[in-house]
Structures are given as C-alpha cells and as structure tokens.
Amino acid sequence: MKLAGQTIELLKKEIILEWRSKYAFNGILLYIVATVFVCYISFNLNPGFKDSQGYPIVWNILFWIIMLFASVNAIAKSFLQESKARLLYYYSIAHPQAIILSKTIYNILLMGLLSILALLVYKLFFPNPLGDLLFYFITVLLGAVSFSTVFTMISAIASKAGNNGTLMAILSFPVIIPVILLLVKVSKSAMDGIDRSLSFGNIGVLLAINVIVIASSLILFPFLWRD
Amino acid sequence: MKFIYQTWWKVIAVLLVFSTFITGLLFRVPRLPIIHETIRNLYFHVPMWMGMLTVFVVSVYYSIKYLRSGKEEHDLAAVECVNTGLMFYTLGLLTGMLWAQYAWGEFWSGDSKQNSAAIAFLLYCAYLVLRNSIDEEQKRAKISAIYNIFAFPVMIVLIFVLPRMTDSLHPGSGGNPAFGRYDLDNGMKLAFYPAMLGWSFIALWIATVRYRIRLIENKKNAIN
C-alpha cells in the first residue's frame, strides 16, 4: 500500500499547488470560454444557421473539437511546467508509478470539472435540446477521463523530447482520433435520445482503450523518467 | 541472432513468393458478383499486412529488449524493423486502394478501414519524427522504444478492432464475410498461405539487411 499512500500524497500536493495559483484552471476555463465565444460570433454572422438541418451535428462535433484543444493545452503543462530539479526531487522520494498515477488522476479531476463547466457555457451560447441529458453528461465525463489518460502519457514522452508543443500534437493526435470518433458517436446518440443499450458496445471499446493506455503508461513510465 | 545470417529461410521465402505468382494468378477462384477476378488481390494485399505485422512485432520485441539491456544494436534493430514495416504498410495501402478502385469504385472512399489505416500510418510517422527530434543517442533510443511499445497496441486497435465494429465495406469487417470463407473447397488456400509466409520472411529479410547495413555504418563512424 506504499504506492497508494504516495499517490494520494502527490495528488494532494498537485491540488494544493493548483489551488494556490489557480493558474491552469482559470487559464483553461478562459481558453474554453473565449473559443466558444469566437465560434458563437462566427456562426452568428450566418443568419438562419440555428434552424438549418446540420445544426445538431455541427453542435456536437464542435463541442468535442473545443474540448480536444482545451485538454491538449491543459494537460501539456502537467510535465512541461515542472522544473528539472523538482522532478529529480520527486523521483528521489517517490515511486515513478505513483508520480504518473497522481498526475493522471489530477488531470482527470481537472478535466472533469472543466468539461462540465465547458458544457454549461457551450449550452448557454448554443442552445440545443439534448434528448438524454444524463447520458450526455456521462459521455462528457468519459471523454474527460479518456483525454486525460492519453495526454498525460504523451506529455510525459514529449517533455523528455525537447519540450515542444508540435511534438505533443503529432504524438497524441493519432492516438486520440479513435477516442474522439467513439465519443462523437456515443454523444450523438445520447443527444438524439437513442436507447442507451445501443451505445454500450462503443463505451466498452472506449473503456478498453483507457485500460490499455493506463496499463502501458504504468509499465513504461518507470523507464521514461530516468535520464 | 545467428538466424539472420542463415540462408535457408531466404531461399524458402523466394520460392514461396515465386510460387504464388503462378498459383495466385493461374489457379481457379470462386466467381463472386462485383468482385470477380479481383479476389486474386487477396494473395498480394493481405500478405503485405502480414509482413508489416511481422516486422512490427519484431520491432516491439527489440524495443522491450532495449529497455532491459540498453544495447544500441537492439535500438537499431527496432528502428529498421519499423522502417521496413512502413514500406510494407504503404504497399498494403496501395494494393488495397487498387482493389477498392475496382470493387468499390473509388481509390479512397473514406471507408472506416481505410481511415483507420491512414491514422495508424500517422502514428508510425510520428515515431520517426520523434526520433529526429532528439539528438542524444541513448535518450533517443530509450524514448522511441517507449513510444514504439505504446503505439503498437493502439495500431492493433485501430486496424484490426475498430473497423470490425463499424460499418466497413472491407471483407471481414462490419458483418461482411472474409474471403477465407470461400477458399475451403478450392485451391485458394494453396496460394494464400504460402504467400502469407513468404512475404513475412521477405519483410524480415529486408529488415535484417537494413539492420546489418546500419551496424556497418555504426562501426565505421565509431571513434576508437
């Protein structure tokens, strides 16, 4: 249980650090609101768009694309921000698996909170009837979890390879495309109010991808951190 | 590692591949609507993916070995396997597109199998970009080994799992029967299995030749 204890301690530290500065949270929230507002203004230039047939489809896809870029920006910081000396200190006191696990859980919490707020802001600017609100909510949370697990591992790799944003995008987008395809599919059927049991297969694949990603990051991270 | 210097399996590979030129092009195949003679592409398209899969598996094996041992040869073997695998990947995509032109009417029709294959291609291109972005050799070897191990299961999910779950037109996906169902009562197996085995060996052979060239280059550049 040493691992669990260390993970909880590191998670506490992440949350306290974030609570003191509130930099990542406020920054990403502002990023999301600004993006939604830009979309709102741009779509308002075309009157009649809200009543057009493609509106619900664009609504759904646009939300996921906004979430994708917001989470890349939010999670890229998780390793890029730490100074080299501080990372060395963590590694000397904690198990590497505890470090990656605490970072992943912290990012899941952060992204979960942010994506719920994002959905509320998004729905304020772009009203759209949701057939199955609870299921859409669950899908959004599932999306936050999936983005966090994938991006945390990729940002660990990218931070070792010269700290640049381009690499983060190149490495993560091929991995995230199947995830986002499944999310768009599941959330579209939640939006249309289709029977939930029809989406269980896709949710199963999504969870399986998450398990694979978490398992491989737990196995691979101990090799990654040592310089 | 003695295996890669032996000759017997290279001879077998060449014989098997040459035999499929005869059996694959001349033997009788079942007459199916729309597909007709294009079913013969099975002997040349699927083995490309088999070759790719073989060298990618070998590459993951050497990446794991590198993480355990830290020997530079293992890293070289892994990267040369990926290079060879990407060549077979491209050939698999091209032969598939050629078949799609006759069976589906378009080279690229946005079928989910095609799209997944394109995404997984980006995944391995990212591996090569990642290697180029790091200058320090040991660091490069370690990080690219980690990414290689990480990318392999994602590639398997993309190419072999996801298209099966969606409505792909590709044989074997989306409820379509794979061509394997038709070959029980005729000679298709006689051409198909040798082709799979032969092209896998050819892929391995190309990878070993590239690996040996890299080893010689390394020896030449080494400072004594």
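A crossing of two helices is left-handed if the near helix is turned anticlockwise from the far one by less than a right angle, and right-handed if clockwise. The structure described here is a predicted model, in which local features need pLDDT of at least 70 and side-chain atom pairs count only at pLDDT 80 or more, while totals for chains, interfaces and linings use all residues. Residues are numbered from 1 along each chain as its sequence is written, and chains are lettered from A and ligands numbered from 1 in the order in which they are written.

Two packed helices are described by the angle between their axes and the distance between the axes. Helices (H or I, at least four residues) and strands (E, at least two) are DSSP runs, numbered from the N terminus. Axes are lines fitted to C-alpha atoms, for helices over the stretch in contact, and angles run from 0 to 180 degrees between N-to-C directions. In chain A, helix α5 (residues 96–125) and helix α6 (residues 133–160) have axes that come within 8 Å and cross at roughly 140°. α5(A) and α6(A) are therefore oblique to each other; angles under 35 degrees count as roughly parallel, over 145 as roughly antiparallel, 65 to 115 as roughly perpendicular and the rest as oblique. The crossing of α5(A) past α6(A) is right-handed. Residues of α5(A) that meet α6(A) include A:Ile100, A:Lys103, A:Asn107 and A:Gly112, and among their counterparts in α6(A) are A:Val140, A:Gly143, A:Phe147 and A:Thr152. Two residues are in contact if their C-beta atoms, placed from the backbone, lie within 7 Å. By class, this contact of α5(A) with α6(A) has 11 nonpolar, eight polar and one charged residues. Here Ala, Val, Leu, Ile, Met, Phe, Trp, Tyr, Cys and Pro count as nonpolar, Asp, Glu, Lys and Arg as charged, and the others, Gly among them, as polar.

α6(A) also packs against helix α8 (residues 200–224) of chain A, at an angle of about 25° and with the axes 10 Å apart. α6(A) and α8(A) are therefore roughly parallel to each other, and α6(A) passes α8(A) in a left-handed crossing. The contact includes A:Leu142, A:Met153 and A:Lys160 of α6(A), together with A:Ile203, A:Asn210 and A:Phe221 of α8(A). Its residues divide into 13 nonpolar, four polar and one charged.

Helix α2 (residues 23–44) of chain A and α5(A) have axes that come within 10 Å and cross at roughly 25°. That angle makes α2(A) roughly parallel to α5(A). The crossing of α2(A) past α5(A) is right-handed. A:Phe25, A:Val33 and A:Tyr40 are among the residues of α2(A) that meet α5(A), where the partners include A:Leu110, A:Ala118 and A:Phe125. The contact of α2(A) with α5(A) has 16 nonpolar, no polar and no charged residues.

Record annotations were then compared with the model. In an unreviewed UniProt entry, the annotation "transmembrane region" covers residues 23–45, 57–76, 104–122, 134–158, 165–183 and 203–225 of chain A. UniProt positions are given in the numbering used here, feature names are shortened, and annotations may be inferred rather than shown by experiment. Residues 57–76 of chain A are 100% helix and 0% strand, with end C-alpha atoms 29 Å apart. Residues 104–122 of chain A are likewise 100% helix and 0% strand, and their end C-alpha atoms lie 26 Å apart.

For chain B, the unreviewed UniProt entry gives "domain: Cytochrome c assembly protein" for residues 11–162. Over this span the chain is 82% helix and 0% strand. Helix α3 (residues 72–103) of chain B has 32 residues and reaches 46 Å from its first C-alpha to its last, close to the 46 Å expected at 1.5 Å a residue; the expected span is 1.5 Å times one less than the number of residues. α3(B) is followed by B:Gly105, whose phi is positive, near 95°.

Between the chains, 22 residues of chain B are in contact with 20 residues of chain A. α5(B) contributes the largest share of the side of chain B that touches chain A, 12 residues. By class, that side has 20 nonpolar, one polar and one charged residues.
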